[in-house]
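Q: Please take a close look at a single part of this protein. Then show how the rest is laid out around that part.

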Amino acid sequence: MKRKYSRELGLRPEEIAAIYITPCQAKSISILQPAEDAKSFLDGAVGISEIYNDILYRLRKDTKKLKAILRRG
């Protein structure tokens, strides 16, 4: 994905972060520090509980805006 988007966006692959959204925050440890010196292709992890409320709020807000636009249109 990094190679694909680096070509499309004109960025170096190192400038693109691959972040895993995990249901369990403890999973981020295995991503950041893989076992047996294995390399992780992910740059980080975020627990869904950390971002869920913000995403839900923004989706509801955008949905209300879209409905208002459609009613006017």
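A: Thr22 counts as buried, at 2% relative accessibility. The model is predicted, so local features need pLDDT of at least 70 and side-chain atom pairs count only at pLDDT 80 or more, while totals for chains, interfaces and linings use all residues. Residues are numbered from 1 along each chain as its sequence is written, and side-chain values use heavy atoms, with hydrogens and water left out.

Thr22 belongs to strand E1, residues 19-22. Helices (H or I, at least four residues) and strands (E, at least two) are DSSP runs, numbered from the N terminus. In space, Thr22 lies 6.1 Å from Val46, C-alpha to C-alpha. In sequence, 24 residues separate Thr22 and Val46.

Now the wider layout. The protein has three helices and two strands. Their order from the N terminus is α-β-α-β-α. Of the 73 residues, 11% are buried. Along the principal axes, the C-alpha atoms fill a box of roughly 60 × 35 × 10 Å. The radius of gyration is 18 Å, whereas a compact globule of 73 residues would have one near 11 Å. That radius is taken over C-alpha atoms, and the globule rule is 2.2 Å times the number of residues to the power 0.38.

Next come the charged pairs. The structure holds four salt bridges. A salt bridge is a side-chain nitrogen of Lys or Arg within 4 Å of a carboxyl oxygen of Asp or Glu. Lys2 is partly exposed at 23% relative accessibility. Asp43 is also partly exposed, at 40%.

Another salt bridge joins Asp54 and Arg58, with the closest N and O atoms 3.0 Å apart. Asp54 and Arg58 are four residues apart in helix H3 (residues 48-72), so about one helical turn separates them. Asp54 is partly exposed, at 41% relative accessibility. Glu14 and Arg12 also meet through their side chains in a salt bridge, at 3.3 Å from N to O. Glu14 is exposed at 63% relative accessibility. Arg12 is exposed too, with a relative accessible area of 51%.

Back to helix H1, residues 2-9, where Tyr5 has its place. Tyr5 is partly exposed, with 34% relative accessible area. The charged end of Lys4 sits over the Tyr5 ring, 4.5 Å from its centre. A charge sits over a ring if NZ of Lys or CZ of Arg is within 6 Å of the ring centre and within 35 degrees of the ring normal.

Key
Buried < 20%, exposed > 50% of the residue type's maximum accessible area, 1.4 Å probe, protein only.
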